[in-house]
Amino acid sequence: MASAAVEYSGTTCVERRDLELQRSHEEHIAENELTTLGKIAGTERLDEGHMQYGCSHYRRRCRIRAPCCNEIFSCRHCHNEAKNSISIEQKLRHDIPRHSVEKVICSLCDTEQEARQVCENCGVCMGRYFCGICKLFDDDTSKEQYHCNGCGICRIGGSKNFFHCNKCGCCYSALLKSSHPCVERAMHQDCPVCFEYLFESRNDVIALPCGHTIHKACLEEMQEHYQYACPICSKSVCDMSKVWEKFDLEIAATPMPPYCENKMVWILCNDCGRNSEVKYHVVAHKCPDCKSYNTRQTRGLGR
């Protein structure tokens, strides 16, 4: 199963205060330039409060003003959780348009200003990882955040470790560049188990052998309940050959009564898609083409 990049939002950089207004949203400075820039802007001041502020979603030294409701929140996830709460009237529930955030408030001096990396008032770096496109600030750069132009958002895991598939519309592990199953806009859908929108999910997402995507935790929960088929197309999500061998033994040990031992039924194989006519058995029906027992009866044995 393929690993997909997890959504985040940003690009590592530390901007010089005197020049930051001249930089475009798409320009970024690597984190290893922090020491050099710190000599100019004051390293101690830039680092003040590092990893001491933020919320459960991000370690950052600023808050945002939501353009949709004009309220202040620690981050867009805090906003979405609050504004989609069951206590909020349904017609008033909404998500924040992440790219529309314009104002941020420094957590150290409470100065409200245009979204930037270094506070214009106190000179503190509000996030070692900063993306002017996604308006993302984060002091924890161990996640190797990067901005994907194809996705239009930032992801974690390091740009060198992932590639963007234009057909699937998302990022996958670089190891799967020539072998991953392509399904158009595979990530632009809800998880078939928990119904969270996968493209913007902060939880690990994987691609099944059939190409459909699902939360890793949701798949693991399915398997704990002995469910090994894709919830969307019903194809097997792993190698089931050992299981099919046990089915062979079970069927051999369970002969059908004489009145229906020669009954024939039509089946559809969920794994290979073939329609076949096979002998009816109460335990399961084996596909004669791919030898899978992941089949369904389509007609026959009407009486």
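Reader: How far apart are the closest N and O atoms in the salt bridge of arginine 45 with glutamate 48?

Author: The model is a predicted one, and in it arginine 45 is partly exposed, with a relative accessible area of 29%. Glutamate 48 also counts as partly exposed, at 35% relative accessibility. A salt bridge requires a side-chain nitrogen of Lys or Arg within 4 Å of a carboxyl oxygen of Asp or Glu, and for arginine 45 and glutamate 48 the closest N and O atoms are apart by 2.0 Å.

Reader: By that rule, what does the count of salt bridges come to?

Author: Side chains of opposite charge can pair when their charged atoms come close. By the rule used here, the count of salt bridges comes to 15.

Reader: Arginine 98 forms a salt bridge with glutamate 200; how many residues apart in sequence are the parts that this pair ties together?

Author: The closest N and O atoms of arginine 98 and glutamate 200 are 3.3 Å apart. Arginine 98 lies in the loop between helix 3 (76-83) and strand 5 (103-106), whereas glutamate 200 lies in the loop between strand 12 (170-173) and strand 13 (205-207), so the parts that the pair ties together are separated in sequence by 102 residues.

Reader: Which strands hold glutamate 114 and lysine 103?

Author: Glutamate 114 forms a salt bridge with lysine 103, with 2.8 Å between the closest N and O atoms. Glutamate 114 is partly exposed at a relative accessible area of 40%, and lysine 103 is partly exposed at 30%. The pair ties together parts that are eleven residues apart in sequence, because glutamate 114 lies in strand 6 and lysine 103 in strand 5.

Reader: In the open sheet of four strands, which are the edge strands?

Author: The order of the open sheet is 4-3-5-6, with antiparallel pairing. An edge strand here pairs on one side only, which gives strand 4 (72-73) and strand 6 (112-114).

Reader: Which residue in strand 4 stands opposite isoleucine 64?

Author: Strand 3 (residues 62-65) and strand 4 run antiparallel and are joined by two bridges. Across from isoleucine 64, the residue in strand 4 is phenylalanine 73.

Reader: Where does asparagine 70 lie, given its positive phi?

Author: Most residues other than glycine have a negative phi. Asparagine 70 is not a glycine, yet its phi is positive, at about 65°. Its place is in the loop between strand 3 and strand 4.

Reader: What is the relative accessible area of tyrosine 226?

Author: Tyrosine 226 is another residue other than glycine with a positive phi, near 60°. Tyrosine 226 lies in the loop between helix 4 and helix 5 (241-252). This residue counts as exposed, with a relative accessible area of 65%.

Reader: Which residues form the negative surface patch?

Author: One member, glutamate 220, lies in helix 4 (residues 216-224). Patch residues need over 30% relative accessible area and no salt bridge, and glutamate 220 is partly exposed at 39%. The negative surface patch is formed by Asp204, Glu220, Glu221 and Glu224.

Methods
Residues numbered from 1 in each chain as written. Predicted model: local features only at pLDDT ≥ 70, side-chain atom pairs only at ≥ 80, totals over all residues. Heavy atoms only, no water. Patch = residues over 30% accessible without salt bridge, like charges linked within 9 Å, V, L, I, M, F, W, Y side chains within 5 Å. Areas by Shrake-Rupley, 256 points an atom, 1.4 Å probe, with all protein chains shown as cover. Lys, Arg positive; Asp, Glu negative; His and termini not counted. Charge placed at Lys NZ, Arg CZ, Asp CG, Glu CD. Buried < 20%, exposed > 50% of the residue type's maximum accessible area, 1.4 Å probe, protein only. Pairing = 2+ DSSP bridges.
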